[in-house]
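Opening the notebook on this chain.

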Amino acid sequence: MATDARIERLREYFVDELSWGWGHQARAVFSFLLDAAEDCRGGAVLDAGAGHQRYRPFFDDECLYLTLEHPAGIDHKRMGAIDYDLLGELDGDIPLADGCLHGVVNTSVLEHLRHPERFLAEAHRILRPGGRLYTHVPFTYPEHEEPFDFQRPTSYALRSWLAEAGFVDVEIVPDSSNLTAAVSFVEDALRWDLGDTGHHGEHRRLSELTAPVLAELRRVGADLVGPGTRFPVGWLAVASVPGTLGPAEAGSRSDFLARYGRRAEPVGELCQPSTVDGFDGFTPTASTTSSSMWIRPDASADRTTSTRSRL
Ligand SMILES: C[S@@+](CC[C@H](N)C(=O)[O-])C[C@H]1O[C@@H](n2cnc3c(N)ncnc32)[C@H](O)[C@@H]1O
């Protein structure tokens, strides 16, 4: 059970350092992460498509937190200084043995996978019986990390993908109200349609005119998440592998990887098998030329500086 002090420390980190604020969407994502960490206590959890590992503090004290990234993503997002346990392609072959994890956490990644069903099948394979997948995926969020942005699944699509992969006890909830999503769209549309196209005067005039109304709509919308929610910012999904989770026994990071790590197929030219005998992860070559095939520098980042939380 997480202590009050730990929850408060995580809350401060989440609100202040990750800039999530504390509206409904933030609270929903926060509980989702706390639950995931608690469910995985003592076992191993894979942050699949970990990026800057912003949610690591939720897991570090509770379980063995493992990370996987795409080598080209590391190059292009300049994440070379960050350590990852595994390099590979989520919608290829995940380099872990069958049935070794308590949890797979996957936040703001599914939309970037060209083959999401392939990833879900892999997540199911590497989870233990009773293990869980925790996915946060945008539904009404602008295109980002183009051109590697492939879908915004409806809750029905997500449910059907999860069922097809063999998951049971699927729970999918909206992370925000319709109003929260709508307000962000109006603000973004004004900026992109007017500000970014040189209509600065018109942008300023309409922004000033709408600001008080949008602020009020945002305030009211912060707590209106319910059955009428049809276009939230995203979905929070939890799904289980059938069975009962046995006792936790993750052990140390090196023992776990030596026991359950598998050699992955090299990903393009970027991923080189380690020369160490036995599994020891993969080392990316920092080749910016070949990695440009995969993820462009995040040119969309400037465009999306809005009141939205970064999904
Ligand atoms: C929007 S970021 C989210 C990062 C992190 N999960 C978070 O919530 O902060 C998407 C991440 O998924 C990674 N990614 C995209 N496609 C991938 C793939 N096919 N295999 C592995 N990682 C992938 C990218 O490199 C990027 O770091």
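**Strands and sheet**

Started with strand 2 and strand 3, which pair in the parallel sense over two bridges. I keep in mind that this is a predicted model. Looked up Leu68 and found its bridge partner in strand 3, Leu86.

Seven strands make an open sheet with mixed pairing, and the order reads 3-2-1-4-5-7-6. Strand 3 (86–87) and strand 6 (168–174) sit at the edges with a single partner strand each, so one side of each has no neighbour in the sheet.

Then I turned to strand 1. Strand 1 pairs with strand 2 (residues 64–69) in the parallel sense over five bridges. On strand 4 (residues 101–107), I get three bridges to strand 1, again parallel. Val45 stands opposite Tyr65 in strand 2 and opposite Gly103 in strand 4.

Helix 5 (residues 116–126) lies across strand 1, strand 4 and strand 5 (127–138), at about 145° to strand 5. Helix 6 (residues 155–164) lies across strand 5, strand 6 and strand 7 (234–240), at about 160° to strand 6.

Last, the chain totals. I noted eleven helices and nine strands, with 40% of the 311 residues buried.

Notes:
Residues numbered from 1 in each chain as written. Predicted model: local features only at pLDDT ≥ 70, side-chain atom pairs only at ≥ 80, totals over all residues. Pairing = 2+ DSSP bridges. Helix = DSSP H or I, 4+ residues; strand = E, 2+ residues; numbered from the N terminus. Buried ≥ 20, exposed ≤ 12 C-beta atoms within 10 Å, placed from the backbone. Contact = placed C-beta atoms within 7 Å. Axes fitted to C-alpha atoms, helices over the stretch in contact; angles between N-to-C directions.
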